[in-house]
Amino acid sequence: MIIINSPPKILLIIFFISLLLGSCSITKNPQELLVDTPLESQPLITVTPVLLPVNTPTNEQIPTSQPVNVETEFDLPDYKIKVSFNYGNQTANINETIRFFNTSTQPLNQLLLACDTLRYPGSFVLKKIIINNATEIDIEPEKFFLTIPLPEPLLPGEEINIEIDYLLKVPPIPPPADDRKPGIFGYSTLQTNFVDWYPFIPPLSENGEWVLHEPWFYGEYLVYDLANFHVEIELLNTPLGSTIAASTLPTILEENRFIYESFGARNFVWSMSPSFIVESLEMEGITITTHTFPFHQKAGSHVLQESAKAIDLYSRLFSPYPRENLTIVEADFLDGMEYDGLFFLSRGFYNLFDNTPQNYLTAIAVHETAHQWWYAAIANDQALEPWLDEALCTYSELLFYEEYYPELVNWWWEYRVNFYQPEGFINKSIYDYQGFIPYRNATYLQGAKFLQNLRDDLGDEVFFDFLSEYARSQNNKISNESNFFQILGNYTNQDVKKNYPQYFSLVQ
Ligand SMILES: [Zn+2]
């Protein structure tokens, strides 16, 4: 059963026109900030970014991962995906094998696979599905998912093997528009992005329902269980010097063949470009790599340095950094977007880079870095409780400025939050807000204000103890609001939701 939230259609019509669509960025169009933002409040700050030697974009110089020595969780869904990507016609032939274990307490009569690429007309072409290496089944894809009927119920503890052959015709990344979310899956002259590009099994709720929500025109709708990934990518007809940026570092890299292993991750994404400038640094066993377009090299180095500092800080404040790497990719679309082990940062932010940390390039880079905690390690239902990750990531920006650029704290509050005069309840689903702006103002900005109020009430020591316990206790889980307040209850006797009526609606 699919949990579908069906908001009134009228909302679609009323708010379609004025939407600023996005995920993690505060605005879809960073250029607009020049007009919209109180520039007079910006003190002049000069910093000298430390520039590392920059690698030229050749395959040999991409860092590779050591053979993975991670304890494999055998009951996690397991994805083996072989991709043959023809750059010349932007088409990928894909063979995907999913091994799924019924870890629920109920028999399953069918499986559901989220298939986001179905939302792009003509992109996903299903060729064949075979169950348990034997039975070929014939199904009709739905709007954004596949339903796999099972020949016999899959009992608790049993496993099933599903092999899917399909073709992905990568669509062009569309030009920015006010009536739709920026396209991420797609290609431009600068890059091809594979995000949410393979069918995957959504989480099962305690009631045995598939947690797959309706796509929406702002915010995120997918919820991810942990899974293991083995991805083999063959590139055909690529320009010389093409490189791949991916959720993990390749374990094997031979000419046009890239092999990746990722265990216990939310998803696996990759971006290919003939133009990436690759720069990386190592920090306590973590490899941080930026992939930047050639004309933004200096900004790319800045992003690398600041993200490394953010990882160091958040590892101390929340919990140890959950991955072996972080891959940062300049995006040829107007948005920032987090995935497991990788995030995209819009070229719009790079365009506005002014050699200081006092800009959206820096703030959003560390925001997206924080998502490696609040999204990847500690996941949540992005559709129903989007504030859980977005409020924490926005507030993490402030924590970064407090630590490294305390003189910019006031600027951050004014420029990032107060300027928008945010209002609205934090604890609503993406379907409840009347457009991207009210959604952002409530979940991101009111969310940050709530966390500051909470911190003021609890005091720093108690607040950070709570944050750390929350992060550590929810690591590798899909957290929810109840977990958040339950753990908070270990640190305060007050009924927090009731005590902050300006932030929390008690009516769901
Ligand atoms: Zn975000």
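Predicted model: local features only at pLDDT ≥ 70, side-chain atom pairs only at ≥ 80, totals over all residues.
Entry 1: Which way do β16 and β17 run relative to each other, parallel or antiparallel? I found that β16, residues 286-292, and β17, residues 325-331, pair in the parallel sense. Five bridges hold that pairing in my notes.

**Entry 2: the whole sheet.** Next I looked up the sheet these strands sit in. It is an open sheet of five strands, and I wrote down the order as β15-β16-β17-β19-β18. The pairing is mixed. Which strands are at the edges? They are β15 (277-283) and β18 (337-339), each pairing on one side only. From one strand to the next, the twist averages 15°.

**Entry 3: a helix on the sheet.** I then turned to α5, residues 360-370, which packs on this sheet.

**Entry 4: two helices meet.** How do α5 and α7 cross? Helix α7 covers residues 387-404, and its axis comes within 8 Å of the axis of α5. They cross at roughly 125°. Angles over 145 count as roughly antiparallel and 65 to 115 as roughly perpendicular, so α5 and α7 are oblique to each other. The crossing of α5 past α7 is right-handed.

I also listed who makes the contact. From α5 come A363, V366, H367 and A370. From α7 come L392, C393, T394, S396, E397 and F400. What kinds of residues are these? I sorted them into six nonpolar, three polar and one charged.

**Entry 5: another set of strands.** My last stop was β13, residues 257-265. This strand runs antiparallel to β10, residues 227-236, and seven bridges join them. In that part, F229 stands opposite S262 of β13.

β13 also pairs with β12, residues 252-254, in the antiparallel sense over three bridges. Here L253 stands opposite F258 in β13. How many residues lie between β12 and β13 in their hairpin? There are two, and E255 in the turn has a positive phi of about 40°.

**A note for next time.** In a regular strand, side chains alternate between the two faces of the sheet. I will keep that in mind when I look at the strands again.

Note on methods
Residues numbered from 1 in each chain as written. Pairing = 2+ DSSP bridges. Helix = DSSP H or I, 4+ residues; strand = E, 2+ residues; numbered from the N terminus. Axes fitted to C-alpha atoms, helices over the stretch in contact; angles between N-to-C directions. Contact = placed C-beta atoms within 7 Å. Parallel < 35°, antiparallel > 145°, perpendicular 65-115°, else oblique. Left-handed = near helix turned anticlockwise from the far one by under 90°. Nonpolar A, V, L, I, M, F, W, Y, C, P; charged D, E, K, R; others polar.
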